[in-house]
Amino acid sequence: MKSVLVLGGTREAHDLADAMARVGVPGLVSLAGRAEPVRDYGLPVRLGGFGGVDGLRGFLRSEGIGAVLDATHPFADRMPWHLAEAAGAEDVPWAMLKRPAWTAGAREAWTEVKDLNAAAKVLPSRSVTFLATGAGSLEAFRHRDDTRMVLRVLNPPHDVPSHIRVIKAMPRDVASETMLFHELGITHLVAKNSGGPTRAKLDAAAALRVKVIMVARPPLPDGLLFETVDQAMGWLHGLS
């Protein structure tokens, strides 16, 4: 089999690369960031972007890539489309590996919106909102100074408006999240539907009857979509 390119940055990408390495599937992992990876992927790792569709096409040719699996974050909205165009043009098999989205449980009532701007619009005045949406979401909520908001991030952004309080912290377990929401008087939670097993903030919101505004994932191009590493590995074995 020719080398398989894994577009990474997620736990799923790590687990896929590890599974490939264990059974001898040749490949490499591409990460968009410039920092050295903190995980051992078991495969060679390259850092940085490709330079758009043309750059990705050139990389597929120069490296003799035989297949590509996009295991980037569910909210990486450009890479799947770049891959679909580049791989299609180069006649390279490709597929996507995305973790399942969250679904509301019996005790949960979510308002689902298409993007962050829509989330900002539906928040009522005088609400106290917890933003679990990342530093890049700040602009969407900057104008809602009729509310109070708490933004949790690891790297605080600059020029934060006075109605938004920034907490530098990692997500925690359900008990800790519940205590935090209670202490802050949170009435609403805005979250991106990233999916995965870590849904402590959603469980805490359900326990406290905090209203959840769930931002839908961006659309994906038409193509093979897998939800598990086993499914992706089965596809790779079928190509060999």
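The model is a predicted one, with local features needing pLDDT of at least 70 and side-chain atom pairs counting only at pLDDT 80 or more, while totals for chains, interfaces and linings use all residues. Residues are numbered from 1 along each chain as its sequence is written, and side-chain values use heavy atoms, with hydrogens and water left out.

Overall, the chain comes to eight helices and 12 strands (DSSP runs numbered from the N terminus: H or I of at least four residues for helices, E of at least two for strands). Its C-alpha atoms fill a box of roughly 60 × 35 × 30 Å along the principal axes. Of the 240 residues, 46% are buried (under 20% relative accessible area with a 1.4 Å probe, protein chains only; exposed is over 50% and partly exposed lies in between). Among contacts with a separation of 6 or more, 59% link residues 24 or more positions apart (contact being heavy atoms within 4.5 Å).

Strand E5, residues 94-97, is covered on both faces: Trp94 and Met96 are buried on one side, Ala95 and Leu97 on the other. E5 pairs in the parallel sense with strand E4 (residues 65-70) over three bridges, pairing here requiring at least two DSSP bridges. Asp70 sits opposite Met96 of E5. With helix H3 (residues 79-90), E4 and E5 make up a right-handed β-α-β unit; right-handed means that, with the strands pointing away from the viewer, the path from the first strand over the helix to the second runs clockwise. E5 also runs parallel to strand E12 (residues 225-226), joined to it by two bridges, and there Met96 has Leu225 as its bridge partner.

Turning to helix H7 (residues 200-208), the buried set is Ala200, Lys201, Leu202, Ala204, Ala205 and Ala206. These pack against strands E6 (110-113), E7 (128-132), E10 (188-192) and E11 (211-215), plus helix H6 (174-184). Just past H7, Arg209 takes a positive phi of about 60°.

As for the second largest pocket, the lining holds six nonpolar, no polar and five charged residues (nonpolar: Ala, Val, Leu, Ile, Met, Phe, Trp, Tyr, Cys and Pro; charged: Asp, Glu, Lys and Arg; polar: the others, Gly among them). Among the lining residues are Phe75, Asp77, Lys192 and Arg217. A pocket is an open set of points on a 1 Å grid over the protein atoms alone, with protein on both sides within 12 Å along at least five of seven lines, and lining residues have an atom within 4 Å of a point.

Terms used: 1 Å grid on protein atoms, 1.4 Å probe; cavity = no way out; pocket = protein on both sides within 12 Å on 5 of 7 lines; lining within 4 Å.
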